[in-house]
Amino acid sequence: MRRAIFAVTATIAGLVLLLSFKTTALQGPTAQPPAAPIPAATEPRRSTGTATRAVTGPVVNTKWGPVQVKVTLAGGRISDVQALQVPGPRVLSQQISSYAIPRLRREALQAQSARIDVVTSATYTSRGYRQSLQAALDAGR
Amino acid sequence: MGAVQVVEVMGTVFSIDVRDPGSYGHMIAEVIRWWHWVDHTFSPFRPDSKISRLNRAELTLYDCGPQVAAVLSLCRRVKRVTGGYFDASATGRFDPCGLVKGWSIETASAMLTRAGARNHCINGGGDIRCAGQPEPGLPWHVGIADPRRCRQLAATVLVGNAAVATSGTAERGPHILDPHTGGPATALASVTVIGPNLTWADAYATAAVAMGEQAWPWLGTLDGHEGLVIAADGTRRQTPGFPSLPRSGSLNAR
């Protein structure tokens, strides 16, 4: 879950950069790169149950104002990504809604697929285990 | 539910991951005792194991007890079904190790489920038995190690109650022999088989590696099983129902 929130944060930063190119076209060559994102908000370690709940991501401060998203979880999986705050004039808001949020949704879902419970491989020796992905997973739990 | 329990046995490392809330320490301890018993009974590397003594004709099959007889019977059936490509007697001595590991994990999974730990995942040196769910509403995400890139994944599969077995050359080199030629099987880097029972999935994966180029059409004929073959040159093929996550693009593209 935490990994997915980080991925959403990284995507926000990337999308704000992308939007900065678009706004340059609108406003002329005076636009500057946005500030770096602040670390993700903390959230519970494990999701349990099938209830729907929402997690609010970090506020990313940009030159044009704050960008913030809300991630909705259902049964522990991301089911939706919504914009809570979008910066600047209406034009930018529309760009974010029509382009950035669907892309955020896609990237968040892909980030979920990075979650692994266990790794199958050819049989390792005891020594081989120590260098394995499985050992890293076992140590992390 | 708690940390993953790790135990060194049968020359490798087993990991037990129980997700049910509550304490299953007693049953996990019993499972670990079971695995040590299996190791002591079946290991051809222990001169005093029942298998070693059976091979030296110091014991009759009857003396060895019902579990050894069951394993011997399974080995015969698997040899038949795989056209001789899985052969526990290929070296002249009876060596059921290729079947015993998966069989002992399948048994352990049944023990845990019977005790109420219905949601668990056991990794026995790379062969997996998943039961239930890691969290309510979710499938197990099983990564498949890339045989050619250290600590990288070649694919990820989503399973519920299932066994996932992998055989190949990545960890111990070309140790699997083609029983028909006696030579090492080198055409395939790894084969992963998914099925309902780890004893069989494990044996099928081993047989497939031994088959080399012929493994691909053969895997498609196994009812109730799915497979992924990664050749030595990296090319891969998977059965139509192989439950892998798309490697790129949206999860909606299935």
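This briefing walks through a two-chain model, from overall make-up down to single residues. The model is predicted, so local features need pLDDT of at least 70 and side-chain atom pairs count only at pLDDT 80 or more, while totals for chains, interfaces and linings use all residues. Residues are numbered from 1 along each chain as its sequence is written, chains are lettered from A and ligands numbered from 1 in the order in which they are written, and side-chain values use heavy atoms, with hydrogens and water left out.

**Chain B overall**

- Chain B is built with seven helices and 10 strands; helices (H or I, at least four residues) and strands (E, at least two) are DSSP runs, numbered from the N terminus.
- The radius of gyration of chain B is 18 Å, which agrees with the value near 18 Å for a compact globule of 254 residues. That radius is taken over C-alpha atoms, and the globule rule is 2.2 Å times the number of residues to the power 0.38.
- Along the principal axes, the C-alpha atoms of chain B fill a box of roughly 60 × 50 × 30 Å.
- Of the 254 residues in chain B, 55% are buried. Buried means under 20% relative accessible area, exposed means over 50%, and partly exposed lies in between (1.4 Å probe, protein chains only).
- Taking contacts in chain B between residues at least 6 apart in sequence, 56% join residues at least 24 apart; a contact means heavy atoms within 4.5 Å.
- Chain B has an accessible surface of about 11100 Å², with 51% belonging to carbon and sulfur atoms. Accessible areas come from the Shrake-Rupley method with a 1.4 Å probe, and for residues only the protein chains shown count as cover.
- In chain B, the mean positions of the 23 positive and 21 negative charges are 1 Å apart. Lys and Arg count as positive and Asp and Glu as negative, with His and the chain ends not counted; each charge is placed at NZ of Lys, CZ of Arg, CG of Asp or CD of Glu.

**Nonpolar cores**

- The largest nonpolar core has 62 residues, and Ile16(B), Trp35(B), Trp103(B) and Leu112(B) touch the most other members. Such a core is a set of buried Ala, Val, Leu, Ile, Met, Phe, Trp, Tyr and Cys residues joined through side-chain atoms within 4.5 Å.
- Helix 6 (residues 198–211) of chain B gives the most to this core, with 11 residues.
- A second, separate core of 17 residues includes Cys121(B), Val142(B), Ile194(B) and Leu228(B).
- Beyond residues up to four places away in sequence, Ile16(B) touches residues including Trp35(B), Leu112(B), Cys121(B) and Ile122(B).

**Loop residues in chain B**

- Ala185(B) sits in the loop between strand 7 (162–168) and strand 8 (188–195) of chain B, and its 7% relative accessibility is why Ala185(B) counts as buried.
- Not counting residues up to four places away in sequence, the partners of Ala185(B) include Thr169(B), Pro174(B), Val209(B) and Ala210(B).
- Met10(B), in the loop between strand 1 (5–9) and strand 2 (12–18) of chain B, has a positive phi near 55 degrees and is not a glycine.
- Ala57(B), another non-glycine residue, has a positive phi of about 60 degrees. Ala57(B) lies in the loop between helix 2 (50–55) and helix 3 (61–64) of chain B, and it is exposed because its relative accessible area is 66%.

**Helix and strand residues in chain B**

- Leu61(B) belongs to helix 3 of chain B and counts as partly exposed at 32% relative accessibility.
- Leaving aside neighbours within four places in sequence, Leu61(B) is in contact with Leu54(B), Val68(B), Ala69(B) and Leu72(B).
- Gly143(B) is in strand 5 (residues 140–145) of chain B and is buried, with a relative accessible area of 0%.
- Beyond neighbours within four places in sequence, Gly143(B) is in contact with residues of chain A, Ile116(A), Val118(A), Val119(A) and Thr120(A), and with Leu153(B), Ala155(B) and Thr156(B).
- From Gly143(B) to Leu158(B), 15 residues apart along the chain, the C-alpha separation is 8.9 Å.

**Chain A**

- Chain A has four helices and five strands, following the pattern α-β-β-β-β-α-β-α-α along the sequence.
- Of its 141 residues, 42% of chain A count as buried.
- For contacts in chain A between residues at least 6 apart in sequence, 47% join residues at least 24 apart.
- The accessible surface of chain A is about 7200 Å², of which 56% belongs to carbon and sulfur atoms.
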